[in-house]
Structure formats: structure tokens, C-alpha cells
Amino acid sequence: MMSKLIGLAEAAALVPDGATLSLGGFTTQRHPMAFVYELIRQKKRDLYLFGHSPGGDWDILLGAGCVKRVELAYEADEAFGTIGPRWRRAVQAGRIEWEDYSNFGMVTRFQAGAMGLPFLPTRTAFGSDVFAKEALSAEQRAADPRTSQLKQAVMESPFQPGEKLLLLPAIHTEFCVLHVQKATESGLVRVEGQTFADNIQALCADTVIVTVEEIVPEEVMRQEPERTLLPPFAVTHVAHVPFGSHPYAVYNYYDSDPRQLKDYHAAAMIDEDFQAYLDKYVYGVPDFEGYLAAVGKTRLDSLKADPDYGYSPNLKRRRLD
Amino acid sequence: MTTISNPPLTYSLTELMAVTAAREIQDNEVVFAGTGLPMLGAMLAQKTHAPNCLIIFEAGAIGSRMRHLPMSVGDPRTVRGAAMAVGLAEVFTYMLQAGKVDVGFISGAQIDRFGNINSTSVGDYRHPAVRFPGSGGSCDIACLAKRTVIIAQHEKRRLPEKIDYITSPGWLTGGESRKEAGLIRGGPSVVVTTKGVLRFRPTSHEAYLASYHPGLSAENVRDDTGFTLDTAGAFETPIPTTEELDILRKVVDPERIFLK
């Protein structure tokens with residue numbers, strides 16, 4: 001069996017400036033954060049991000065100046081931080097190009113891409129400004145094949161005259177990066193808990209890099225093939241990165257880190273403090289091992305999931321001081 | 001912290017809102033809960049009068065029975081004990097779009113008199129003064145649930161005559177406009193605010209004040225609303241019961257994550 005194992009730095013080096021990319025996870029869980037820090041450390045520029053509900057994975061990439069354009073539905077850490085501070089600042093300062101969709105809209109777009117279709121119909125968004133307004137101009141769209149030439153289109157059902165459907169364009173990305181619980185060296189991947197849209201995002205990307213908490217033997221995975229997320233050909237590389245989603249949760253492994261998220265949100269409100277955060281946790285350490293050392297073993301141990309819950313039931317999430 | 005004393009009960013405004021919103025959920029209903037106070041309200045309903053309500057989250061948990069309050073709709077706390085764990089596509093297509101969701105439970109930064117919600121930005125859309133996170137699943141829930149329960153802060157600027165961006169469509173411009181826009185079902189049924197409860201007239205779909213919270217009057221609420229609010233027939237919002245408050249404080253949110 002051919003091994004798909006790759007080092008984190010080597011994997012991140014595959015992504016060129018200007019690449020189109022989607023990242024797995026949802027707001028506060030299973031983002032490939034170690035990979036994100038490595039993209040920042042390698043000073044990637046002009047990335048095009050596609051997502052439904054990212055959180056701090058996108059926020060720190062945006063803040064570090066790695067991103068040119070995003071297509072999304074939401075960017076925040078929910079109750080840990082109800083707005084992505086760098087996302088807010090980037091939009092308000094005119095430093096980012098973006099287009100708004102809804103979560104269902106973005107997931108439908110990924111589904112179309114994964115199915116090999118140019119678009120899919122839905123019944124959502126009519127009457128809203130998600131439907132009526134466009135953030136990207138026609139000129140911006142026309143000038144760049146990485147973005148769909150149209151935000152959307154409306155058609156009447158050929159089977160039901162008078163019935164309107166919203167057509168949403170497929171997404172195709174050069175890269176998709178996921179962080180999951182288990183994988184084999186050969187690239188069989190298992191997600192525990194919610195799948196979010198990880199499987200669909202992977203199926204509309206050319207190169208899929210999966211960072212993983214635990215490498216498990218081939219025969220263990222093949223014992224329960226119904227739990228495998230993706231066909232073998234869909235996974236290009238596997239990198240073994242325990243705690244690779246910190247400060248976000250990984251069901252059955254560890255919880256979100258309320259302290260780290262609080263520090264991030266406080267720092268990200270102020271330009272100088274945000275730079276200091278990057279210096280401490282990204283530029284000032286050689287690799288992800290260095291990042292975990294900067295966070296500290298005591299903290300990481302406090303986040304470990306209780307097997308009865310899949311998270312840390314006694315973790316304090318408010319009033320941390 | 002605003003507290004209201006109705007001897008012998010003392011409760012905060014957030015507690016009153018959570019209880020009032022939870023009471024909008026009936027037993028056995030399918031509830032699609034958005035982030036923030038809706039997660040609290042849905043959990044309270046399930047632990048009081050609606051034990052068989054099916055709570056679903058867009059991130060993929062279906063039939064959650066949470067032992068701890070989640071911080072996000074993608075929190076691991078929504079998973080263990082749930083009926084099913086899937087992903088966004090399954091929830092949005094097979095549950096929401098297919099018409100299986102009875103109640104969408106969401107919150108909003110700005111709301112107008114037809115229950116349209118803005119959670120995208122304030123000011124010119126392409127050059128906003130303030131940017132919010134964006135729709136998330138809110139637009140979809142507002143479009144495709146059979147009815148929508150909304151939680152909001154009640155201030156003049158948050159309930160303006162016209163909102164800057166319609167993220168989640170309510171009754172649009174009233175009358176038949178929602179149907180004419182292409183939406184096949186749903187619409188907001190109630191807005192629970194920090195000052196009262198707004199409902200919608202049957203044909204015009206315009207908001208009216210159904211009740212004002214204890215300690216306030218219909219006039220107080222009308223004066224703090226940016227649009228013209230019909231207050232005819234408004235009564236005082238029924239207060240929480242001791243049992244509801246007890247469960248809310250001891251079981252649902254003992255850490256006081258959302259409760260103030």
C-alpha cells in the first residue's frame with residue numbers, strides 16, 4: 001500500500017500564491033489550524049477562499065494578509081467571538097474582495113462541484129439581499145476565472161410552470177484541506193461526530209490534504225468501511241498532526257480552548273496586538289510543535305475530551321479570570 | 001443587569017426572553033436552532049414543556065439532547081446523545097428545504113416591521129460602516145422553515161423603519177410579497193425582544209405589539225421602536241414560572257454563558 005504521509009511544511013509548500021482553497025470544519029470545530037499557521041509562516045499571498053461558516057481559521061489568514069478574495073456565508077466563532085475581528089476590519093477598510101451567500105447556498109455550490117454539475121437548483125434566498133445584491137462587480141468577475149461569472153441565476157421549472165428556482169454555480173478548488181480524527185497512511189479517512197461539508201468540499205478539489213489526530217492501521221479502518229468519509233482517490237496527502245485544530249474542538253479528542261480564543265479575539269481587535277499574536281504563535285516559533293509549546297502542556301491537557309462526552313464537560317467557558 | 005421583581009419571583013430580562021421564546025415551541029415539533037439565545041431557548045423547551053421536540057443544528061446534529069449548553073451550532077456538545085450526526089447538506093436539503101422543519105429559531109441584529117432581519121452589514125453594502133458575520137444558515141431557515149421565531153435586542157436603531165440589508169427574509173413588504181418573491185412557505189410568527197413580544201397581523205403581515213414585559217407599558221415599547229408600532233390590545237408578558245427559572249439556571253445554563 002502506497003503511503004500518502006507528508007510533513008506539514010511540505011504539504012503547505014504545495015499551495016502556490018493565488019491558489020483556490022477550501023478548509024474543513026465549522027465555526028468552532030475541526031479547522032486545519034496547524035496547516036493554516038504554516039500557510040501564514042510561509043507567507044502565502046492572494047489566496048481565494050471558499051467556505052460556508054469558517055471561524056478563526058479564515059480570520060487569522062485574512063489578518064495575516066494571505067487572502068485576496070473570499071466567498072462565504074459567515075465568519076465568526078459564535079459565542080466565543082460573535083464577529084471575526086479581522087474579517088470585519090478587512091471589509092470595513094476595503095482590504096478584501098468578497099461575495100455573500102447563505103450556508104445552504106455555499107453547500108449547494110460545493111455539492112454541484114462534487115457531482116460534476118455546473119450548478120444546482122434550490123428554493124432558498126428569494127426576497128433577500130443575499131439574492132438581490134452582489135459584492136463583487138461584473139468587471140471583477142469577468143476579469144478572473146477563479147470566480148463564477150455570475151453570482152447566481154433564476155429559472156422557471158420546466159416541469160411546473162410558474163415555479164421559480166435559484167441556480168447556484170458549482171465550486172471547483174485547487175486545494176481542500178481537512179482536519180479529522182482518524183486516517184490510515186494510505187488515505188482512508190474517518191470523521192467522528194458531524195461531517196459538516198468536509199466530504200463534499202474534498203470532492204470538488206484537485207488536491208486534498210488531510211491533517212489527522214491519529215493514524216490508524218489499514219485493517220482497523222477496513223473493518224468498518226461504512227465509517228470512511230471519502231473514496232481513496234479523493235485523498236492526496238495525509239499529515240499526522242495531533243492537536244492540529246487548536247484552539248478549536250475535535251469531537252472525541254479535545255474541546256475548544258476558551259482562553260486561547262479569548263486572547264485571540266482581544267488581540268485581533270487591535271492591529272499591533274494582532275501582529276504580536278502572530279509573532280508569538282506563528283512567526284516566532286519554527287513549527288506547530290513550537291506553537292503547542294507556546295500554548296503549554298497544562299492548558300492542552302485541560303482540553304482533552306472525556307470519553308463519556310466527547311468533550312471536556314467541566315471546562316470553564318466564561319469568566320475565565 | 002436588568003432585573004425585574006415580581007415578588008416573590010426575581011428574574012433577569014434575558015431569562016424572561018429565554019422563557020418567552022421557549023414557550024413558542026410545541027412538543028413534538030422539529031426545531032432548527034440558530035446560534036446564541038435560540039440554542040438556550042430550544043434547550044429550555046426540551047427540558048420543560050416540549051420533551052419530544054426534535055432539535056436540529058445546521059452543522060449536522062439531528063435530535064440533540066444536550067447535557068451542556070453549546071457555544072456554537074457546531075459544538076461537540078450537540079453530538080453525544082443525539083439521534084443522528086450528519087452534515088450541512090443533509091440538514092439543509094432533506095430536512096429544511098424538503099419542508100420537515102416546523103420552527104426556525106434565530107436571532108438578528110436589525111429587524112423591520114415585517115420581520116426581515118439584517119445580520120450582514122450597516123451602511124452601504126459594498127462599503128459598510130459595520131460588518132457583521134453574514135447569513136450563516138439564517139437566510140435559509142427564514143426562507144424554508146414552516147414558521148420562524150426571532151429573538152432580538154429592542155432599541156430604536158435595531159428596529160428601524162428600513163433595514164440596510166435583508167439577510168433573512170420575513171414578510172418582505174407585507175401582504176402577498178413573500179409568496180410573490182418565490183418563497184414557498186414560512187414566515188416569522190413572533191419576535192421576542194428585550195421589551196416585549198411582537199406578532200404579525202394575518203393579512204398585512206405587519207408587526208404589532210402583542211405584549212410588553214413587566215415593568216414597561218405599551219407606550220414605553222412603542223417609543224423605543226423605530227417603526228410605527230400598533231399597540232392595540234397589548235397585554236403584559238406572562239412571567240416565568242419557578243420551575244422554568246430553576247431549570248434554566250440549574251440545568252440549561254448554570255455557567256451563565258448566555259444568561260445575564
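Close-up 1. B:Cys53 is buried, with a relative accessibility of 4%. Here "buried" means under 20% relative accessible area, "exposed" means over 50%, and "partly exposed" is in between, using a 1.4 Å probe and protein chains only. This is a predicted model, where local features need pLDDT of at least 70, side-chain atom pairs count only at pLDDT 80 or more, and totals for chains, interfaces and linings use all residues. Residues are numbered from 1 along each chain as its sequence is written, chains are lettered from A and ligands numbered from 1 in the order in which they are written, and side-chain values use heavy atoms, with hydrogens and water left out. How many disulfides does a search of the whole structure find? The search over all chains turns up zero, a disulfide being a pair of cysteine sulfur atoms within 2.5 Å. For A:Cys66, the nearest cysteine sulfur belongs to A:Cys176 and sits 18 Å away. A:Cys66 is buried too, at a relative accessible area of 1%.

Close-up 2. Helices (H or I, at least four residues) and strands (E, at least two) are DSSP runs, numbered from the N terminus. H3(B) covers residues 88–97, and eight of its 10 residues are buried, so the rest of the structure largely encloses this helix. Among the buried ones are B:Leu88, B:Val91, B:Phe92 and B:Gln97. Just past the helix, B:Gly99 has a positive phi of about 90 degrees.

**Close-up 3. Two helices of chain B crossing.** H2(B) (residues 37–47) and H7(B) (residues 242–252) have axes that come within 10 Å and cross at roughly 115 degrees. The axes are lines fitted to C-alpha atoms, for helices over the stretch in contact, and angles run from 0 to 180 degrees between N-to-C directions. On the H2(B) side, the contact uses B:Leu40, B:Met43, B:Leu44 and B:Lys47, while H7(B) brings B:Glu244, B:Ile247, B:Leu248, B:Val251 and B:Val252. Contact just means heavy atoms within 4.5 Å.

Close-up 4. Look in the loop between strand S2 (47–50) and helix H3 (56–63) of chain A to find A:His52. Is A:His52 buried or exposed? With a relative accessible area of 2%, A:His52 is buried. Its side chain makes a polar contact of 2.8 Å with the side chain of A:Gln201. A polar contact is a pair of N or O atoms within 3.5 Å; within protein, one must be able to donate a hydrogen and the other to accept it, and residues adjacent in sequence count only if both atoms are side-chain atoms. Leaving aside neighbours within four places in sequence, A:His52 also touches residues including A:Phe26, A:Tyr74, A:Phe110 and, from the other chain, B:Leu88.

**Close-up 5. A:Val15 in its loop.** A:Val15 sits between helix H1 (8–12) and strand S1 (20–23) of chain A, and is buried at 1% relative accessibility. Not counting residues up to four places away in sequence, A:Val15 touches A:Phe35, A:Leu39, A:Lys44, A:Leu47 and A:Phe175.

Close-up 6. A:His246 and A:Pro247 are joined by a cis peptide bond, with omega about 10 degrees. Which non-glycine residue has phi near 35 degrees? That is A:Thr27, where phi is positive; A:Thr27 is also buried, at 0% relative accessible area. B:His205, not a glycine either, has a positive phi of about 60 degrees.
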